[in-house]
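Here is a short briefing on one structure. Keep the model open while reading.

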Amino acid sequence: MIVELTNISKSYVNPGTNVQREVLSGIDLTIKSKELISIVGPSGSGKSTLLNIIGTIDTPSSGKILFKGQDVNTFNEKQLSEIRNRSIGFVFQFHHLLPQLSLLENILVPTIPLRSKNKGKELTERAMELLSSVGLTERIHQRPGQLSGGECQRAALVRALINQPELILADEPTGSLDQDSAFQLGELLLDINRKHNVAMVVVTHSLTLAEKMSTIYRLSKGKLV
Ligand code: ADP
């Protein structure tokens, strides 16, 4: 078990009206090792909120989160950022690659906080291997601005994998792509799940992408069904 959410609720107070609104209401969810999960639901139903809570970027109003059996409430900020950096890879709708760095340099950014002196060469080799596995060998010295949206998103996926996470959290990963690139990225997610034994939770509007996952949840009225 990588993550186990029990009875998670999340409310926001609207600052204008001071009215409280419950976005997530008593959610239970377990994410097992290598599992493929998609979460669908209308805009505003709380999908991103839920993903951010799973990724420890956001905290629930109530409920319990176990990360590999340990209550995340017992972790301090340093331990939480280590989990986020080492055990979880994040992919968003937009690639968020740094425009002034080459693809290779971008891929290595998440390794900076973890890097020990002699690991530089090894990490560069791993980055090159991963970039090659997503068909980007020819592009490693180019900057994001010189590449297509699909290529950048493939690079963002590699960046999410560089620290060998157990879990990838992807929020609308194909949302900014054309149909062909979206299809390719979906296939790539499956391929990566098999090759790297990594679990995935994918929030998406695309039923084509959602249906590639082994479990599909719908978020509706704060509940997962
Ligand atoms: P989805 O990803 O399904 O589109 P979100 O999780 O982004 O939904 O948002 C769910 C609801 O919570 C929305 O109504 C949104 O306006 C509200 N919300 C999200 N973040 C905040 C916040 N920081 N403060 C207040 N309301 C928020």
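Lys 10 touches a set of residues beyond four places away in sequence: Arg 21, Glu 22, Val 23, Leu 24, Thr 49, Ile 53, Asp 58, Thr 59, Pro 60 and Ser 61. The model is predicted.

**Lys 10**
- Lys 10 sits in strand 1, which spans residues 3-13.
- Its relative accessible area is 9%, so Lys 10 is buried, the cut-off being under 20%.
- The side chains of Lys 10 and Asp 58 make a polar contact at 3.2 Å.
- Between the C-alpha atoms of Lys 10 and Gly 222 there are 8.8 Å, although the two are 212 residues apart along the chain.

**Ser 11**
- Ser 11 also belongs to strand 1.
- Ser 11 counts as buried because its relative accessibility is 18%, and the cut-off is under 20%.
- Its contacts beyond four places in sequence are Gln 20, Arg 21, Glu 22, Val 23 and Ser 61.
- With Gln 20 the contact includes a side-chain to side-chain polar pair at 3.5 Å.

**Ligand site**
- The residues around the ligand include Tyr 12, Arg 21, Val 23, Pro 42 and Lys 47.
- By class, this shell holds three nonpolar, six polar and two charged residues.
- Strand 2 (20-31) and helix 1 (47-54) each supply at least two shell residues.
- Helix 1 gives the largest share, three residues.
- A polar side-chain atom of Arg 21 lies 2.7 Å from a ligand oxygen atom.
- A polar backbone atom of Gly 44 is 2.7 Å from an oxygen atom of the ligand.
- For Ser 45, a backbone N or O atom lies 3.1 Å from a ligand oxygen atom.
- The ligand taken alone exposes 570 Å², and the protein buries 59% of that.

Note on methods:
Residues are numbered from 1 along each chain as its sequence is written. This is a predicted model: local features need pLDDT of at least 70, side-chain atom pairs count only at pLDDT 80 or more; totals for chains, interfaces and linings use all residues. Side-chain values use heavy atoms; hydrogens and water are left out. Helices (H or I, at least four residues) and strands (E, at least two) are DSSP runs, numbered from the N terminus. Buried means under 20% relative accessible area, exposed over 50%, partly exposed in between (1.4 Å probe, protein chains only). Contact means heavy atoms within 4.5 Å. A polar contact is a pair of N or O atoms within 3.5 Å; within protein, one must be able to donate a hydrogen and the other to accept it, and residues adjacent in sequence count only if both atoms are side-chain atoms. A residue is near a molecule or strand if one of its heavy atoms lies within 4 Å of it. Accessible areas come from the Shrake-Rupley method with a 1.4 Å probe; for residues, only the protein chains shown count as cover. Ala, Val, Leu, Ile, Met, Phe, Trp, Tyr, Cys and Pro count as nonpolar, Asp, Glu, Lys and Arg as charged, and the others, Gly among them, as polar.
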